[in-house]
Amino acid sequence: MTASFPIPAIPLPPTFGRSARASGLPIAAVRSARHHIEMTITPAVLAQLTLADVRAVVFYKRDEITTDLLCCDVEVAGHVWSFHEEAAGWPDLIAHLSALPGFRADWYEAVVSPPFATSDTIAFDRR
């Protein structure tokens, strides 16, 4: 049995990067398939993702053996914030990011197919 503990969604050092991924946007943390870090996407978290400062948004999915977990990396001020669809407040994050100019509205369709493939999808890029 593993302990579960809440931690705030904070940017982690980019040394945890996934530089080999097609998007080139590093992931902030690598987590095992069965141990998700619990997080809540609060208004305070969204306030730190100022739209004017967002440099890139990449959606992808992680193979969880029997399901896929939709994930999102948001680059802001040199830090990458990583979120996943099971986080409380995910719809609020999506609504917030959708206000970016030129945000790719079809990101969901692009990332879910085919199943169990990473399907990196750049929804916004200001780099």
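pLDDT is the predictor's confidence in each residue, on a scale from 0 to 100. The views below come from a predicted model.

**View 1. Confidence across the whole chain.** The mean pLDDT of the protein is 76, and 70% of the residues reach at least 70. Over residues 1-36 the pLDDT is below 50, and beyond near neighbours in sequence this stretch makes 68 contacts in the model. Among the helices and strands, confidence is highest in helix α2 (residues 90-98), with a mean of 97, and lowest in strand β1 (residues 54-63), with a mean of 92.

**View 2. Overall fold.** The protein has three helices and four strands, which follow one another from the N terminus as α-β-β-β-α-α-β. Of its 127 residues, 39% are buried. The accessible surface is about 6900 Å², and carbon and sulfur atoms account for 61% of this area. Taking contacts between residues at least 6 apart in sequence, 61% link residues at least 24 apart.

**View 3. The open sheet.** The four strands are arranged in the order β3-β2-β1-β4, with antiparallel pairing. β3 (79-84) and β4 (121-125) are the edge strands; each has a single partner strand, so one side of each lacks a neighbour in the sheet. From one strand to the next, the twist averages 20°.

**View 4. Strand β1 and its surroundings.** Eight of the ten residues of β1 are buried, so this strand is largely enclosed by the rest of the structure. In a regular strand, side chains alternate between the two faces of the sheet.

View 5. β1 and β2 run antiparallel and are joined by nine bridges.

**View 6. Pairing of β1 with β4.** Four bridges connect β1 and β4 in the antiparallel sense. A56 has D125 of β4 as its bridge partner, and V58 stands opposite I122 in β4.

**View 7. Helix α2 on the sheet.** Which strands does α2 touch where it packs on the sheet? The helix is in contact with β1, β2 (68-76) and β3. The direction of α2 makes about 45° with that of β2.

Conventions. Residues numbered from 1 in each chain as written. Predicted model: local features only at pLDDT ≥ 70, side-chain atom pairs only at ≥ 80, totals over all residues. Heavy atoms only, no water. Helix = DSSP H or I, 4+ residues; strand = E, 2+ residues; numbered from the N terminus. Buried < 20%, exposed > 50% of the residue type's maximum accessible area, 1.4 Å probe, protein only. Contact = heavy atoms within 4.5 Å. Areas by Shrake-Rupley, 256 points an atom, 1.4 Å probe, with all protein chains shown as cover. Pairing = 2+ DSSP bridges. Axes fitted to C-alpha atoms, helices over the stretch in contact; angles between N-to-C directions.
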